[in-house]
Amino acid sequence: IRNETFWGVRDCVVLSEVLLLIVVGLIVLVYLYFCLFVCFKMDRAAFVNGLWGGKIVPVGVNSVVRSQHGRIRRVEFRRVRLVGTMGMSTGTMEAPTELFVSDVQREARRSAAEMMPSVTLSEVDLQWTHVLSEGWAAPLKGFMREKEYVQTLHFNSYRSPDGGVVNQSIPIVLAISEEQKLQLEGKSEFALRHPDTNAVVAILRDPEIFRHNKEERVARTFGMTDPRHPYADVIFNSGDWLVGGEIEVLDRIRYNDGLDQYRLSPKELREEYKRRNADAVFVFQLRNPIHNGHALLMTSTRQQLLERGFKNPILLVHQIGGKVKGDDIPLPQRIQQNLCVLNEGVLDPATTILGIFPSPMIYAGPTEVQWHAKARLNAGCQFYIVGRDPAGMKHPATDEDLYDPWHGRTALLHAPGLETLEILPFRVAAYDKTVGKMAFFDPNRADDFVFISGTKMRKFAASGETPPDGFMAPSAWQVLVDYYKSKSV
């Protein structure tokens with residue numbers, strides 16, 4: 001009996017120790033869960049990216065005063081920076097996958113494509129093929145299938161196969177006619193042909209055809225359905241069906257317009273950053289000429305990055321290279337004007353890359369600016385300057401701003417899938433009459449400043465008038481004068 005009692009006591013001791021370990025384990029699990037929950041609440045995507053390689057550096061919360069024609073606006077923004085393993089901040093850790101056919105397969109695939117049914121691309125379709133081929137829209141591997149299209153249209157993003165959220169605010173789709181649909185149904189692949197040369201540009205595999213509800217697409221992209229909107233017009237005049245599928249691009253898309261040297265792919269841009277020993281890259285996207293107010297913003301941004309401890313921040317001045325609306329200045333003149341700005345030293349050529357982004361312009365305001373930012377993340381940029389009314393335009397019926405001028409910035413600050421992008425402060429610049437040059441607007445002496453809008457600038461150039469000294473580099477201004485003079489001939 002005594003022996004049985006002894007073993008009973010020992011069993012109780014062992015059981016109590018086991019229970020104690022279980023309780024301690026549960027406490028540890030609850031603590032870890034709490035830590036993970038807090039991290040995810042602070043910045044879920046940034047935390048996940050940190051786990052996969054690189055270090056998360058919180059850069060704080062900033063509050064800056066914004067002004068437009070005397071109105072003071074206070075904007076708060078969250079900033080998170082992903083520092084890569086090589087010491088340079090990077091938008092995404094690796095260069096996106098390009099969609100080109102390998103060298104060993106190119107001629108065989110070209111020969112096979114000549115025997116396939118084909119679709120001739122439009123000018124805009126070719127530009128989207130260019131965008132896809134170089135990885136600007138990665139991880140997309142071709143024109144959107146229906147599930148990607150629907151998610152993009154309704155959520156400005158889509159789920160990747162691993163469950164992650166991919167920001168994609170603009171549908172990248174290929175429209176076809178009823179006749180082309182009948183021709184392609186049941187085919188496993190077909191060729192995409194160049195609109196000018198009729199040469200095969202790419203092959204689309206395993207096509208999926210679905211209905212193109214144009215009005216829904218226009219309404220959800222632009223928040224209006226006026227067919228006078230330049231890209232709404234493109235959509236309304238396209239085919240009634242959409243076809244999606246992965247693409248194989250046979251050759252690098254070239255335009256032979258003397259500007260191909262500026263059309264650097266995401267892969268080439270990353271190589272250029274390394275060549276220049278950049279430890280930070282900030283981007284300024286535009287579809288307009290550069291005046292000294294723009295330059296002031298860009299140079300002051302670089303100074304801010306230097307003050308934050310970066311040694312060699314590099315600026316990417318990125319002009320929209322695709323289709324723009326009729327009253328925008330054409331790409332050749334914009335690039336020529338930008339080169340004059342560099343040549344006159346308004347921007348430093350040693351710390352500035354001038355490039356062309358191949359995407360067409362959509363004029364979708366806050367929706368489109370997310371696409372612009374996402375594409376630059378794929379190009380290795382991690383700092384993005386966004387200003388007033390990005391990707392905006394006037395409403396064709398009222399001539400008022402189609403979008404709230406500050407919603408583009410707000411959208412970027414909260415867009416899913418763009419958490420590693422840091423939005424840099426944008427200060428409004430105007431012509432300061434007291435010093436005779438562009439300066440940051442001071443609301444305390446608003447009467448000393450003159451706002452020269454894009455419309456007023458175009459009127460000056462068209463009439464041959466000279467803007468105030470210090471508004472734009474003289475040789476850069478002459479490019480605009482010559483352009484408008486040629487239009488009037």
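Residues are numbered from 1 along each chain as its sequence is written, and side-chain values use heavy atoms, with hydrogens and water left out. Because the model is predicted, local features need pLDDT of at least 70 and side-chain atom pairs count only at pLDDT 80 or more, whereas totals for chains, interfaces and linings use all residues.

Helix α1 spans residues 2-51 and contains Tyr 31; helices (H or I, at least four residues) and strands (E, at least two) are DSSP runs, numbered from the N terminus. With a relative accessibility of 54%, Tyr 31 counts as exposed, the term for over 50% relative accessible area, while buried means under 20% and partly exposed lies in between (1.4 Å probe, protein chains only). Tyr 31 belongs to a nonpolar surface patch that also includes Leu 15, Val 18, Ile 22 and Leu 32, and the patch has about 1000 Å² of accessible area together. Patches are made of residues with over 30% relative accessible area and no salt bridge; like charges are joined within 9 Å and nonpolar side chains (Val, Leu, Ile, Met, Phe, Trp, Tyr) within 5 Å. A salt bridge is a side-chain nitrogen of Lys or Arg within 4 Å of a carboxyl oxygen of Asp or Glu. Areas come from the Shrake-Rupley method with a 1.4 Å probe, and for residues only the protein chains shown count as cover.

Strand β14 (residues 383-385) runs parallel to β15 and is joined to β15 by three bridges, with Ile 385 opposite Leu 424 in β15.

A second open sheet has three strands in the order β17-β16-β18, with antiparallel pairing. Its edge strands, β17 and β18, each pair on one side only. Strand β16 (residues 429-432) is joined by two bridges to β18 and by four bridges to β17. Asp 432 stands opposite Phe 449 in β18, and its bridge partner in β17 is Lys 437. Tyr 431 has Val 450 as its bridge partner in β18. Four residues separate β16 and β17 in a hairpin, where Gly 436 in the turn has a positive phi of about 70 degrees.

Across the whole structure, a search finds nine aromatic pairs. Rings of Phe, Tyr and Trp (its six-membered ring) pair if their centres lie within 6.5 Å; planes under 30 degrees apart count as stacked, over 60 as edge-to-face and the rest as tilted. The pair of Tyr 149 and Phe 210 is tilted because the ring centres are 5.8 Å apart and the planes stand at 45 degrees. Tyr 149 lies in helix α4 (residues 146-155) and Phe 210 in strand β9 (residues 200-211), so the pair ties together parts 61 residues apart in sequence. Both residues, Tyr 149 and Phe 210, are buried. Phe 441 and Phe 451 form another tilted pair, 5.3 Å centre to centre and with 50 degrees between the planes. Phe 441 lies in the loop between β17 (437-440) and β18 (449-450), and Phe 451 in the loop between β18 and α13 (454-463). Phe 441 is buried, with a relative accessible area of 10%. Finally, Trp 128, Trp 136, Phe 357 and Trp 371 form one aromatic cluster.

Definitions and conventions: Pairing = 2+ DSSP bridges.
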